[in-house]
Amino acid sequence: MSESDLEEAILSLARARGPEKSIDPSEPAKQVAAARGVDWHSLMQPVRRAAVRLAIEGRLIILRKGKPVDPADFRGVYRLTIPREE
């Protein structure tokens, strides 16, 4: 399983949901885990790392309590969304 698989799953799910809504990070973990035959729980940290990379690149927004957070410094429960296109 590669990091690009996780990034692709995150972006695909977030795009499908649209910028008005967000996804739970367990969603891409479950999708990739099902395709690879592994436990999705083991992918939660790799999903977080992939989300941080994508957020730093400006391709994703990490939300905590519905508000964007600094991708390099956040804790706890979070959700993911795509940026609005201007």
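The model is a predicted one. H3 has 13 residues, which should span 18 Å at 1.5 Å a residue. Its end C-alpha atoms are 18 Å apart, in agreement with that value. Gly 58 follows H3. The phi of Gly 58 is positive, near 85°.

Helix H1 covers residues 3-17. Its 15 residues reach 21 Å from the first C-alpha to the last. This is close to the 21 Å expected at 1.5 Å a residue. H1 is followed by Gly 18. Here too phi is positive, with a value near 90° for Gly 18. The buried residues of H1 are Leu 6, Glu 7, Ala 9, Ile 10, Leu 11, Leu 13 and Ala 14. They pack against helix H2 (26-36), helix H3 (44-56) and strand S3 (79-81). An α-helix has 3.6 residues a turn, so residues three or four places apart point the same way. In H1, the buried set includes Leu 6, Ile 10 and Leu 13.

The pairing of H1 with H3 was examined next. Their axes come within 9 Å and cross at roughly 70°. H1 and H3 are therefore roughly perpendicular to each other. On the H1 side, the meeting residues are Glu 3, Leu 6, Glu 7, Ile 10 and Leu 11. On the H3 side, they are Pro 46, Val 47, Ala 50, Ala 51, Arg 53 and Leu 54. Eight residues of this contact are nonpolar, none is polar and three are charged.

Glu 7 is one of the H1 residues in this contact. Glu 7 lies in helix H1, and its relative accessibility is 16%. It counts as buried because this value is under the 20% cut-off. Residues up to four places away in sequence aside, Glu 7 touches Ala 50, Arg 53 and Leu 54.

H1 contributes Asp 5, Leu 6, Ala 9, Ile 10, Leu 13 and Arg 17 to the contact. H2 contributes Glu 27, Pro 28, Gln 31, Val 32 and Arg 36. The residues of this contact divide into six nonpolar, one polar and four charged.

Met 44 lies in helix H3. With 23% relative accessibility, Met 44 counts as partly exposed. Neighbours within four places in sequence aside, Met 44 is in contact with Pro 25, Ser 26, Ala 29 and Tyr 78. Met 44 and Phe 74 are 30 residues apart along the chain. Their C-alpha atoms are separated by 15 Å.

Ala 35 is found in helix H2. At 58% relative accessibility, Ala 35 counts as exposed. Ala 35 and Glu 57 are 22 residues apart in sequence, and their C-alpha atoms are 26 Å apart in space. Ala 72 is found in the loop between S2 and S3. Ala 72 is exposed as well, with a relative accessible area of 64%. Along the chain, 17 residues separate Ala 72 from Ala 55. The distance between their C-alpha atoms is 9.1 Å. Lys 65 lies in the loop between S1 and strand S2 (67-68). At 75% relative accessibility, Lys 65 counts as exposed. The phi of Lys 65 is near 55°, a positive value in a residue other than glycine.

Technical notes. Residues numbered from 1 in each chain as written. Predicted model: local features only at pLDDT ≥ 70, side-chain atom pairs only at ≥ 80, totals over all residues. Heavy atoms only, no water. Helix = DSSP H or I, 4+ residues; strand = E, 2+ residues; numbered from the N terminus. Expected span 1.5 Å × (residues − 1). Buried < 20%, exposed > 50% of the residue type's maximum accessible area, 1.4 Å probe, protein only. Contact = heavy atoms within 4.5 Å. Nonpolar A, V, L, I, M, F, W, Y, C, P; charged D, E, K, R; others polar. Axes fitted to C-alpha atoms, helices over the stretch in contact; angles between N-to-C directions. Parallel < 35°, antiparallel > 145°, perpendicular 65-115°, else oblique.
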